[in-house]
Amino acid sequence: MTDSQATPEPVTGPGQPGPVPPGASGPRTVDTANQALHDGVNRCPKCGSTEIQLRVSAGKLVCLFCRYEWSEAKIEPVVAGESALQDLTGTVVASGATDISPEVSGVITLKCPGCGSEVVVNTAEAMSSRCHWCRHILTINEQVPNGAVPDAVLPFGITRDQALEHIRAFAGARRLFAHRTFRRDFAPENVVGVYLPYMVVDGNASADVQGFGEVETRRYTRKNGDQEETYYDADVYQVGRHVDFTVDDLTIESSAERANMNAFVNTNNVINTILPFDTKNAVRWNANYLVGFTSERRDQDVGQVEPVLEDQLLSIARSQVEGSVSRYNRGVRWEAEHLVVHGTRWVSMYLPVWLYSYYYEENGHAMVHYIAVNGRTGETMGSVPVSQGRLILAALVAGTVLEGVALWLLAVMS
Ligand SMILES: [Zn+2]
Ligand SMILES: [Zn+2]
């Protein structure tokens with residue numbers, strides 16, 4: 001899918017992709033490793049304590065020992081540098097988004113800086129672990145190619161209490177139709193804060209679309225027996241359009257696991273409805289942003305989600321040409337389209353979601369229902385198991401109420 005424009009980008013320096021060596025193909029890498037963090041030793045810059053976590057209401061990391069607060073730097077300047085999106089060529093992949101290597105285990109052993117003992121962190125479950133000998137907290141900061149450490153994280157900005165309010169409001173509005181077991185078991189306190197893996201993509205592309213557009217020239221009716229039928233005359237034009245465009249921060253899911261599990265198909269749809277996220281505020285990786293939250297590992301590489309990007313780029317291209325074909329008042333039928341991707345830039349990122357799940361069984365079919373809250377905007381969407389009986393009952397009640405009102409009106413008027 002990469003274009004053959006061979007002019008190398010004349011950029012070097014920290015955070016910039018190196019120039020393309022002549023004749024070389026394949027992606028360039030931007031190193032996003034957070035050099036300030038040494039693996040395992042992730043200390044408060046003020047007092048050196050390892051007891052650090054995200055204070056959601058402030059959007060900052062806070063040292064639980066000395067209360068010092070700070071943030072990691074934003075990721076975007078590290079990856080994008082100075083170059084304009086229109087000049088983006090080739091494939092640039094941030095180091096946290098490089099291909100996952102199947103040999104690399106998700107279980108990582110760290111040497112405790114406090115006492116020298118070996119501490120095991122299973123990155124499928126957590127990105128930090130406490131040394132049980134000296135109580136130091138050890139964190140995973142090195143970008144081992146197992147998909148667990150992304151380039152960036154968008155920290156939670158909605159607190160747990162705020163998420164609870166959103167979930168209660170969402171379920172409350174649907175209570176009338178909800179299945180009685182759902183209402184009985186409803187326990188929003190079981191909400192879990194989870195960081196979900198996404199690829200955030202910038203692109204520079206061109207598209208050509210070809211088709212036929214019709215302009216109505218006359219409209220008239222003819223008698224056909226008793227029926228009047230409407231006819232129209234139209235001129236048909238061959239229409240072609242070319243569009244050059246860039247996209248900034250498209251978000252593409254990078255975990256296939258949920259999509260393959262039937263019960264979870266639901267979540268993908270749910271999460272898509274609580275987009276977008278303010279990805280411009282994502283910061284460089286620091287495992288302490290995840291303390292108290294769970295996370296899901298990326299299992300898709302750039303090559304695997306490229307088709308999703310191309311689909312999105314084509315639909316963006318179609319909507320971009322729409323404005324220029326309005327004179328074809330009977331519409332345009334596109335028959336051929338061609339996309340050229342000049343350049344893409346890929347960053348792996350954890351996005352914050354509060355998730356309330358409810359396991360529900362009906363006629364032997366297991367279903368998991370979700371209510372998801374965007375951890376930045378509070379946008380809430382989900383599904384609740386519906387009781388058909390209650391739906392009918394609600395309709396009947398509504399009908400009865402309306403009838404009642406009508407009768408009352410009649411009574412008042414007479
Ligand atoms: Zn401190
Ligand atoms: Zn130790």
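1. Strands β3 and β4 run antiparallel and are joined by two bridges; two strands are taken as paired if DSSP finds at least two bridges between them. Helices (H or I, at least four residues) and strands (E, at least two) are DSSP runs, numbered from the N terminus. Within this pairing, L61 has W70 of β4 as its bridge partner. The two strands belong to an open sheet of three strands in the order β2-β3-β4, paired in the antiparallel sense. Its edge strands are β2 and β4, each of which pairs on one side only.

2. The model is a predicted one, in which local features need pLDDT of at least 70 and side-chain atom pairs count only at pLDDT 80 or more, while totals for chains, interfaces and linings use all residues. Residues are numbered from 1 along each chain as its sequence is written, chains are lettered from A and ligands numbered from 1 in the order in which they are written, and side-chain values use heavy atoms, with hydrogens and water left out.

3. The zinc ion (ligand 1) is held by the SG atoms of C44, C47, C63 and C66, at 2.3 Å. Donors are N, O and S atoms within 2.8 Å of the metal (3.2 Å for Na, K and Ca); water is not among the atoms, so sites may look incomplete. The arrangement is tetrahedral because the four donor atoms subtend angles of 106 to 114°; four donors count as tetrahedral if all angles lie between 85 and 135 degrees. For reference, the ideal angle for four tetrahedral donors is 109.5 degrees.

4. The donor residues of the zinc ion (ligand 1) follow the spacing C-x2-C-x15-C-x2-C in sequence. The pair of C44, in the loop between β1 (28-30) and β2 (52-55), and C63, in strand β3 (residues 60-63), links distant parts of the chain that are 19 residues apart. C44 is buried, with a relative accessible area of 3%, and C63 is buried at 0%. Buried here means under 20% relative accessible area, with exposed over 50% and partly exposed in between (1.4 Å probe, protein chains only).

5. C112 lies in the loop between β6 (107-111) and β7 (118-122) and C131 in the loop between β8 (128-130) and β9 (137-139), so the pair ties together parts that are 19 residues apart in sequence. C112 is buried, with a relative accessible area of 3%, and C131 is buried, with 1%.

6. Strands β11 (residues 192-224) and β12 (residues 227-253) pair in the antiparallel sense over 25 bridges. Within this pairing, the bridge partner of G211 is V239 in β12. Two residues stand between the strands of this hairpin, where G225 takes a positive phi near 70°.

7. Some backbone values deserve a check by eye. Most residues other than glycine have a negative phi, and most peptide bonds are trans. R67, a residue other than glycine, has a positive phi near 70° and is placed in the loop between β3 and β4 (69-70). D249, also not a glycine, has a positive phi of about 60°; D249 is in strand β12 and counts as buried at 18% relative accessibility. A cis peptide bond, with omega about 5°, joins L275 and P276, and P276 lies in the loop between α5 (265-273) and β13 (283-284).

8. Three cavities of 30 Å³ or more are counted. On a 1 Å grid over the protein atoms alone, a cavity is a set of points where a 1.4 Å probe fits but cannot get out, and lining residues have an atom within 4 Å of a point. Grid points are joined across faces, edges and corners, and a volume is the space filled by probe spheres set on the points. The largest cavity has a volume of about 110 Å³, and its lining includes D249, D202, E76 and R345. At least two lining residues come from each of α1 (76-80), β11 and β15 (332-362).

Definitions and conventions
1 Å grid on protein atoms, 1.4 Å probe; cavity = no way out; pocket = protein on both sides within 12 Å on 5 of 7 lines; lining within 4 Å. Tetrahedral: all angles 85-135°; square planar, octahedral: opposite > 155°, others 65-115°.
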